[in-house]
Amino acid sequence: MLTKRLEEIAARKAELRAEVDNADEARLAEIEAEAERLAAEEAEIRRKLSIAEKLSFEAQTSVESPERRAFFDILRRGATTTGTAGAVVPTFIADEIVETLQKESALLSRVSVYQVPGRFTVPVVEAGEGETKAEGENAVARTLTTRSVTLNGYEVVYLVPTSAAVEAMSTAAFERYILDAVSRALVTGIERLVVNGGGPSAVPPTLTGLLKPLNDGVAKHVVNYTGALTYDNIVTALGELGSMYHTNAAFVMSRKTYFSRVAAIKDDTKRPIVYQDVQTAPSWSILGYPVVFSDFVPDGVVVVGDLRKYAVNFSAPMRIDVSEHYGFGAGLRTYRALAVVDGAPVDQDAFVYIAPAPSTV
């Protein structure tokens, strides 16, 4: 019914559009008024359809879903004859976990997150100039400079010990408890890897962290400073960042760096570059650019850039297993979350690093 009405509105709009060119002032006013009524009706219908779609999705993934119920039943029953039990996380539950990761971590909410099976190659096209041509002539194809970053899959494991009393929870409470516990473990671990990676001596290697180019001395854009961080350091870094990255640019740093170093900086007119309206909820920014906090960024180091140019891929279905063996003596039941993940900056030009000069570290 609602869809049919949308079709009728579209047809009526087309009729009104055909009248506009030859309509006098009085008729134009009538057409405008009817167009506004049709637009309002269309918006309301689309809102209702959107609500209906959300309710349909919730119904499919609710506790009554056989797949969801079977998955949590396995985790709730716990040990089998082998002492362990587990299952691959269904896709819609994995989506819930990833969504929670992005809500809990301001950093993960801004990077590009994918769930592509196997090795995932992210193509990067270098910015180039367009071609001009005369009207009616064929366009001449230009050869674009392209490169790519390939993301593999490394196992990231987190153990979540819990009391065996979780068996007594209601079904809904148990589901929420497990998803929250797993998400909290993953968000901390994956954010740490996104910032710092696995380190140069990690065996096997893990994610290429956001700071790895800086730590390895191969970053393309670095602003070093000696002593206190200054206003000039901040604006120099913003000047180093290409214009195409500014729309989605953000600063990344620890809270300690922000409040002990950046908040004290003033511009040439003695005004702080950090402004916070005490009448509103905290919304941290520097010269209009949002600030993303991460405790895994070392003190004194600041990154500014387009975080969408850092890619994270979950290359295999997540798994959650439960064991009665680990923590048996303490009466604990341990859940193990296993994610196969990789990440890397896909465009070095998208990031500028502000860091203490090497001799001062």
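Arg12, Glu15 and Glu34 are linked in a network of salt bridges (a side-chain nitrogen of Lys or Arg within 4 Å of a carboxyl oxygen of Asp or Glu). The model is predicted: local features need pLDDT of at least 70, side-chain atom pairs count only at pLDDT 80 or more, and totals for chains, interfaces and linings use all residues. Residues are numbered from 1 along each chain as its sequence is written, and side-chain values use heavy atoms, without hydrogens and water.

**Exercise 1.** Find what the salt bridge between glutamate 34 and arginine 12 ties together.

*Solution.* 
- Start with the distance: the closest N and O atoms of glutamate 34 and arginine 12 are 2.7 Å apart.
- Glutamate 34 lies in helix α2 (residues 25-61) and arginine 12 in helix α1 (residues 2-19), so the pair ties together parts 22 residues apart in sequence. Helices are DSSP runs of H or I with at least four residues, strands are runs of E with at least two, and both are numbered from the N terminus.
- Check the cover. Glutamate 34 has 17% relative accessibility and counts as buried. Arginine 12, at 24%, is partly exposed. Buried means under 20% relative accessible area, exposed over 50%, partly exposed in between (1.4 Å probe, protein chains only).

**Exercise 2.** Classify both partners of the salt bridge between aspartate 299 and lysine 256 as buried, partly exposed or exposed.

*Solution.* 
- The N to O distance between these side chains is 3.9 Å.
- Aspartate 299 sits in the loop between β9 (289-293) and β10, and lysine 256 in helix α8 (residues 255-262), so the link spans 43 residues in sequence.
- Aspartate 299 is partly exposed, at 32% relative accessibility.
- Lysine 256 is exposed, at 56%.

**Exercise 3.** Determine the sense in which strand β13 pairs with β6 and with β10.

*Solution.* 
- Strand β13 covers residues 351-356, and five of its six residues are buried.
- Strand β6 (residues 222-225) pairs with β13 in the parallel sense, over four bridges. Pairing requires at least two DSSP bridges.
- Strand β10 (residues 302-306) runs antiparallel to β13, also with four bridges. Here valine 304 has valine 352 as its bridge partner.
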